[in-house]
Amino acid sequence: MSTGLRVGFVGAGRMAEAIAQGLIRAGKVEAKQVLASAPTDRNLCHFRALGCQTTHSNQEVLQSCSLVIFATKPQVLPAVLKEVAPVVTAEHVLVSVAAGVSLSTLEELLPLNTRVLRVSPNLPCIVQEGAMVMARGHHAGSEEAKLLQNLLEACGQCEEVPEAYVDIHTGLSGSGVAFVCTFSEALAEGAIKMGMPSALAHRIAAQTLLGTAKLLQQEGQHPAQLRTDVLTPAGTTIYGLHALEQGGLRAATMSAVEAATCRAKELSRK
């Protein structure tokens, strides 16, 4: 546990709750050391259920906590940063999980020399299986990066990257959750079409994705190698793969990541 560390959340939506839950469950911080703010009680009730403190004042979070995670909607964040800027001190480490808001924008809206980091999380943080990347601003050093990485590993995998990779991560892993769910749904529906009950098909499809992901991680193999291990000459898998290639699955998936990344870059420019 990070002794004495108080962690604040400005914004109390699903991602903020997921990160807070991961930190508390992993014993990184005590629930009573977490303070979250939001305009209404709609989401704050989830933080209170975890044993955290809550407030409607964003400035109070900054005045009470040295590490503050901003988890507001991207379009709201600039106004929130201007609001809290007067109470930001040299003691603060400020972290943004807002998609499309660059480090340079964060630094422009905050006092000179503020230590700022940017994190791109994804929805599986809710079950502590997130895939996250983080990038640091000009004034955040290795100590701040290590502290944040240590905390966020309670929610899954977290790697430090150049900021240029953050928008790509959004396309690959942030939006990628929806792409994988679409594939899982399609897998199950194929089985339903062939006569399997819906609930059973969806359970098996999800477990197939989970097991395959674990194999890829634990074996350290390239996906093509694992795919080859499943193939037998004139067997069921090669017939199925042929159908996928005819349907353009590979190209469509690459285009989906490209489109989502380009949209993330577009939002960053705005």
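Domain bounds here come from an automatic or database domain assignment. For this protein, that gives domain 1 at 7-164 and domain 2 at 175-268. Residues are numbered from 1 along each chain as its sequence is written. It is a predicted model, where local features need pLDDT of at least 70, side-chain atom pairs count only at pLDDT 80 or more, and totals for chains, interfaces and linings use all residues, while side-chain values use heavy atoms, without hydrogens and water.

Confidence next. pLDDT is the predictor's confidence in each residue, from 0 to 100. The average is 94, and 99% of the residues score at least 70. Helices are DSSP runs of H or I, at least four residues, and strands are runs of E, at least two, both numbered from the N terminus. Helix 1, residues 14-25, has the lowest confidence, a mean of 92. Helix 8 has the highest, at 98.

Back to the two domains. Their centres, taken over C-alpha atoms, lie 32 Å apart. Seven residues of domain 1 contact six of domain 2; contact means heavy atoms within 4.5 Å.

Now the annotation. UniProt, in an unreviewed entry, places "domain: Pyrroline-5-carboxylate reductase dimerisation" at residues 163-267. UniProt positions use the numbering here, feature names are shortened, and annotations may be inferred rather than shown by experiment. That stretch is 83% helix and 0% strand. Its end C-alpha atoms are 15 Å apart.

Helix 7 (166-174) and helix 8 (176-193) pack at about 20°, axes 5 Å apart. Axes are lines fitted to C-alpha atoms, for helices over the stretch in contact, and angles run from 0 to 180 degrees between N-to-C directions. So helix 7 is roughly parallel to helix 8 (under 35 degrees). Thr-170, Gly-171, Leu-172, Ser-173 and Gly-174 meet Gly-176, Val-177 and Phe-179.

Key
Angles under 35 degrees count as roughly parallel, over 145 as roughly antiparallel, 65 to 115 as roughly perpendicular and the rest as oblique.
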